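Trainee: I have a chain to read and would like to go through it step by step. Can we begin once it is on the screen?

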Amino acid sequence: MKLSKRFLIVIFLLIIFPGQIFAENKIVYFDMDKILESSKAGISIKTQLEKIHNSNIANFKKIEDSLKNEEKTLIAKKNLLSNEDFQKELYKLKNDTNAYKKKRSKDINDVTTKRMNATKKMINLINPILGKYAEERNISIILSKQNVIMGKTELDISDEILKLVDNQIKTFKIK
């Protein structure tokens, strides 16, 4: 009987004072992808990675052209070379091709690693900004927009966070 009375009292209080019980918990959300792509630092990261990628592609093209020329030259010399010399040249060309494939794979992985590390460092720089923002505005929870199914647009703080990030993180140097 005592348990049911307590239960009824709690239900009664929740019905009468619902706003006061839940008013202290302020929840907002923001779009981390928007911050990473639209902020000055995010654009800086993207530009640097594109420059590295384009440089790699230009180098890959040069090496590929060189390997194709070597292959054409070897095919043209096939009838002029002894079988043993031809096999040596062919073996060298295969080794060069394999070395190129390994270098290309390594360079692509390096760019991917740089992108992941830059994103991770950027998020680590954004987190204190979010913490300070939440503390100043008495926010209990900040959710990522990707985890929100539906929410009022007034609860989206992405633009405010973007301004803070742009003010505090001007550029970002990829190493």
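Trainee: Which residue with a positive phi follows α5?

Mentor: Keep in mind that this is a predicted model. Helix α5 covers residues 83–136. After α5 comes a residue with a positive phi, near 55°, and that residue is asparagine 138.

Trainee: How many residues does α5 have, and what does α5 reach from its first C-alpha to its last?

Mentor: At 1.5 Å a residue, the expected reach of α5 is 80 Å. The model comes close to that: α5 has 54 residues and reaches 79 Å.

Trainee: Which elements do the buried residues of α5 pack against?

Mentor: Buried here means under 20% relative accessible area. Among the buried residues of α5 are Phe86, Leu93, Tyr100 and Asp107. Met122, Ile126 and Tyr133 are also buried in α5. The buried residues of α5 pack against β1, α3, α4, β2 and α6.

Trainee: At what angle do the axes of α5 and α6 cross?

Mentor: Two packed helices are described by the angle and the distance between their axes. Helix α6 covers residues 158–168, and its axis comes within 10 Å of that of α5. The crossing is right-handed, and its angle is roughly 120°.

Trainee: How do the residues of the contact of α5 with α6 divide into nonpolar, polar and charged?

Mentor: On the α5 side the contact is made by Met122, Ile126, Ile129, Leu130 and Tyr133. On the α6 side it is made by Glu160, Ile161, Leu164, Val165 and Gln168. They divide into eight nonpolar, one polar and one charged.

How values were computed: Residues numbered from 1 in each chain as written. Predicted model: local features only at pLDDT ≥ 70, side-chain atom pairs only at ≥ 80, totals over all residues. Heavy atoms only, no water. Axes fitted to C-alpha atoms, helices over the stretch in contact; angles between N-to-C directions. Helix = DSSP H or I, 4+ residues; strand = E, 2+ residues; numbered from the N terminus. Left-handed = near helix turned anticlockwise from the far one by under 90°. Contact = heavy atoms within 4.5 Å. Nonpolar A, V, L, I, M, F, W, Y, C, P; charged D, E, K, R; others polar. Expected span 1.5 Å × (residues − 1). Buried < 20%, exposed > 50% of the residue type's maximum accessible area, 1.4 Å probe, protein only.
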